[in-house]
Amino acid sequence: MMQAMIFAAGLGTRLKPLTDTMPKALVRVGGEPLLKHVIMNLRNEGFTRIVVNVHHFASQIVDYLNANANFGLDIAISDETGMLLDTGGGIRKAASLFSSSSPILIHNVDILSNVCLRDFYLSAANNDATLLVSERQTKRYLLFDEDLRMRGWTNIATGEIKGDIARVDNIASLRKYAFAGIHVFSPALFPLMQAYPEKFGIMDFYIQECDKARIVGHPKEGLKLMDVGKAETLSDAEAFLNSLSETKY
């Protein structure tokens, strides 16, 4: 069984004023909500169990899924209406909704890409976590050694570095990649989360635990990816979505 989690609980502040009346997950691109695009992509790739976390206008997401009979899938809701738990806390809260015997593909609801999610998921079987990364320009990069094992994080604008760098002889030799918002998480990592506060980010968790867990990067050549989390990207998102039909979607 292939299982996944869609992060749909965010406030969507960068998409205001649309998100003053609806959750980001239901903002439409190409005539359909972002949530549907991600769900259909997962379904087409063979995923059968999906967990969707909710917070902002949670009932709208629940009603939308019910109205569409969960698109024929086994979809469960992880309810964060009481408190938004951030990405790490959100995964941990949803732990009981997953099978402990299969990895979990984690997908932001506002990411559109040409990634073959099935291939990416299956490639992650021997890792505690596998992060889809790319060489796009940003200020914040994940750091990987020559074997693509994650060693830390850096902000090149401030020079700040975090992570398992004490064991790295030459920090400059580390490869810098940008995180693409899609990753595969092994349930074997849940015990390491027990000491964390109720609310925490998954990237903070990966940075702090990369010396103990096998967390690797997965660069993808020819990656087409758009973060539709900003209002200014919405106008380009439909054209981008159409371009994905020319590649694997």
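Modeller: Here's one to start with: Tyr-196, Phe-200, Phe-205 and Tyr-206 form one aromatic cluster. Keep in mind that this is a predicted model.

Biologist: Nice. How are the rings of Phe-205 and Tyr-206 set against each other?

Modeller: Their planes are at 50° and their centres 6.0 Å apart, so Phe-205 and Tyr-206 make a tilted pair.

Biologist: And are those two buried or exposed?

Modeller: Phe-205 and Tyr-206 are both buried.

Biologist: How many aromatic pairs are there?

Modeller: The count is 8 aromatic pairs. One of them joins Tyr-64 and Phe-71, with ring centres 5.9 Å apart; the planes are at 50°, so that pair is tilted. Tyr-64 and Phe-71 are both buried as well.

Biologist: Switching topic: what lies over the face of Trp-153?

Modeller: That's Lys-162, at 5.1 Å from the ring centre.

Biologist: OK, pockets now. How much space is in the largest pocket?

Modeller: About 1400 Å³. Its lining has 41 residues, and Arg-14, Asn-108, Asp-110, Phe-179 and Asp-227 lie nearest the centre.

Biologist: How does that lining divide into nonpolar, polar and charged?

Modeller: You get 17 nonpolar, 13 polar and 11 charged residues.

Biologist: Which element gives the most to the lining?

Modeller: β12 does, with 4 residues. The elements that each supply at least two lining residues are α3 (86-93), β9 (140-144), β12 (175-185), α5 (202-209) and β14 (225-227).

Methods: Residues are numbered from 1 along each chain as its sequence is written. This is a predicted model: local features need pLDDT of at least 70, side-chain atom pairs count only at pLDDT 80 or more; totals for chains, interfaces and linings use all residues. Side-chain values use heavy atoms; hydrogens and water are left out. On a 1 Å grid over the protein atoms alone, a cavity is a set of points where a 1.4 Å probe fits but cannot get out, and a pocket is an open set with protein on both sides within 12 Å along at least five of seven lines; lining residues have an atom within 4 Å of a point. Grid points are joined across faces, edges and corners, and a volume is the space filled by probe spheres set on the points. Ala, Val, Leu, Ile, Met, Phe, Trp, Tyr, Cys and Pro count as nonpolar, Asp, Glu, Lys and Arg as charged, and the others, Gly among them, as polar. Rings of Phe, Tyr and Trp (its six-membered ring) pair if their centres lie within 6.5 Å; planes under 30 degrees apart count as stacked, over 60 as edge-to-face and the rest as tilted. Buried means under 20% relative accessible area, exposed over 50%, partly exposed in between (1.4 Å probe, protein chains only). A charge sits over a ring if NZ of Lys or CZ of Arg is within 6 Å of the ring centre and within 35 degrees of the ring normal.
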